[in-house]
Amino acid sequence: MSKSRALSSGLTISVFDRTVLYLTVSLTGASVMVLELLGTRLIGPFYGVSLYVWSSLISVTMIALAFGYWLGGRIADRMPRIRLSYLIALAALTTVIIPALTRPVLLLTDPMGLRAGAFFSAFLLFTLPLTLLAMTGPYVIKLAARQLANVGALSGSVYAVSTVGSVIGTIALGFYLLPVTGSRAVLYGLSVLLGMLALMLALYERRGTGQQFTIMSMALIFFACLGGAAFAYENNRTQPWGKGLTLLYESESVYGWVRVIDDETQKVRFMMSDASTISAADIDNVRQGLLTYQWVTQRLPLFRPAAKNALLIGLGGGHIADGLEKQGVKTDAIEIDPAVAEAALRFFDYRPSGDLIVGDARYEIRQLTKTYDLIIHDCFTGGSEPAHLMSIETLLELKAHLNPGGILAINFVGFTDSKRQRPAQLVYRTLGDAFAERRVYISEPGSEFNDFIFMASDEPIAIHVGQGNPKMLELLSQRRYAMAEGDLVVTDDFNPLENLQVSKAEAYRKVLLERVGMDVLLR
């Protein structure tokens, strides 16, 4: 009896056998986590990288793992002709086609809405490869078990090794692979890795049968065809955008898919991060921002004419900082995404008047040693939003960096109608627990969907006499808004903003699609 048959019948297992099988479960464990994390990079640009996208991907992964464990165990017992190498090869094949399936799947699920659409997109794209990868665990246990007395220890070892592989895959992807390459390159690389693992297992399973040369030849032909098809697909893939739209810049950073696009028809240059527009400018004068809320925010020196320095959290195209600089206010900026900072410098002619800090706001705020006359909190967009930056804890950290009488201004997207205004009211209430004085403006009077510009300070907030021309003051007064108190304070422990903002995200997405078309959100 050959050694491979002895193994499959459960009679013996050598150190070499154990090494091969443990390598298999570690690589498949790593692959599971890589696929789960990459899901946000494929679905996020269309639905936004929100709690719902993450919940969908985690749920789909858990469903696939549960089903894969069950199915793998049954097939390992009842269908010994289906070999482990077959499962890995199928996992490689279903992984390599994910990029080609992403667009049609997203278009298919779009009518379902944000939550259902995100879930079923993840389900359709990732269930098959994840299920196949999960099936390897029971197979390996079946192959490696020598006697019933060892099954418990062996099962524990197999799943421990698989989990270690998952940890390694997670760190490798987040710390090294994505920052250097992109999601599609990682997917293709993962499929090649799984294909090589399948080839290794096929040779391992057929030792002594004289079929190694045939298997190797067929594998080389298969991978050559698969690699050629993937290469041809990527090189012939074009963005089917409408006339007048030109992609100037694209970068897949750790935090999102950042692009700068010129709309020649509307004479607008805009920057997008995933499914959110974070800056818009006149295409003939890129330092001229076109977002109304930024115009309101740039009027902060009317309330504090003596202001000399400011901190901007959330750079966008740098237009707020530019507007303040023109009024003699030196502005430091914190931007989490290096791709956004690069795009602002290269394509919106942003010229820092102060420090440009690239890093996460909560961390970088704690490292600050300066205090400021003005702090502008502009991390909220129409799409997904970092709700943790709106808690009372964050506001108090910011307050600690304000000079006496300084103003904190926050941009927050929401609705003015009473039925959907609760998120904005919670922000207003939370500011009231941190500051003595508050004032609210909106960007578009008369519109239900709006940017709220909250101002907060420990001293009265009012326009100083003699500041601004009459026309400017009239436009600003038209945007003054009376806000009701919310029913609770947003904290790090209890933060319902993202859940409450689902209708806002869907409304924003509708507006965005009407303006630029769905193809802009598809990769």
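Here is a short tour by topic. Keep in mind that this is a predicted model.

**The nonpolar core**
- The largest nonpolar core counts 73 residues.
- L35, I43, Y47, L84 and F126 are the ones with the most contacts inside that core.
- Helix α2, spanning residues 15-47, gives the most to this core, putting in 13 residues.
- If you set aside its neighbours within four places in sequence, F126 is in contact with L35, G39, L42, I43, L57 and I98.

**Two helices that cross**
- To describe two packed helices, you give the angle between their axes and the distance between the axes.
- For helix α3 (residues 51-78) and helix α7 (residues 136-144), the axes come within 7 Å and cross at roughly 35 degrees.
- The crossing of α3 past α7 is right-handed.
- On the α3 side you'll find Y69, G72, G73, I75, A76 and D77, and they meet P138, Y139 and K142 of α7.
- Sorted by class, that contact is made up of five nonpolar, two polar and two charged residues.

- Strand β3 covers residues 268-273 and is mostly covered, with six of its six residues buried.
- Side chains in a regular strand alternate between the two faces of the sheet.
- In β3, V268, F270 and M272 point one way, while R269, M271 and S273 point the other way, and all are buried.
- Strand β2 (residues 257-263) pairs with β3 in the antiparallel sense, over six bridges.
- β2 and β3 make a hairpin with four residues between them, and K267 in that turn has a positive phi of about 60 degrees.
- Strand β4 (residues 276-282) also pairs with β3 in the antiparallel sense, again over six bridges.
- The hairpin of β3 and β4 has two residues between the strands, and D274 in its turn has a positive phi of about 55 degrees.
- M272 is a handy landmark: R259 stands opposite M272, and in β4 the bridge partner of M272 is T277.

- T430 sits in helix α16, which runs over residues 422-434.
- Is T430 buried or exposed? T430 counts as buried because its relative accessibility is 0%.
- Not counting residues up to four places away in sequence, T430 touches M390, S391, I392, L395, L488, V489 and V490.

How values were computed. Residues numbered from 1 in each chain as written. Predicted model: local features only at pLDDT ≥ 70, side-chain atom pairs only at ≥ 80, totals over all residues. Heavy atoms only, no water. Axes fitted to C-alpha atoms, helices over the stretch in contact; angles between N-to-C directions. Left-handed = near helix turned anticlockwise from the far one by under 90°. Contact = heavy atoms within 4.5 Å. Nonpolar A, V, L, I, M, F, W, Y, C, P; charged D, E, K, R; others polar. Buried < 20%, exposed > 50% of the residue type's maximum accessible area, 1.4 Å probe, protein only. Pairing = 2+ DSSP bridges. Core = buried A, V, L, I, M, F, W, Y, C linked by side-chain atoms within 4.5 Å.
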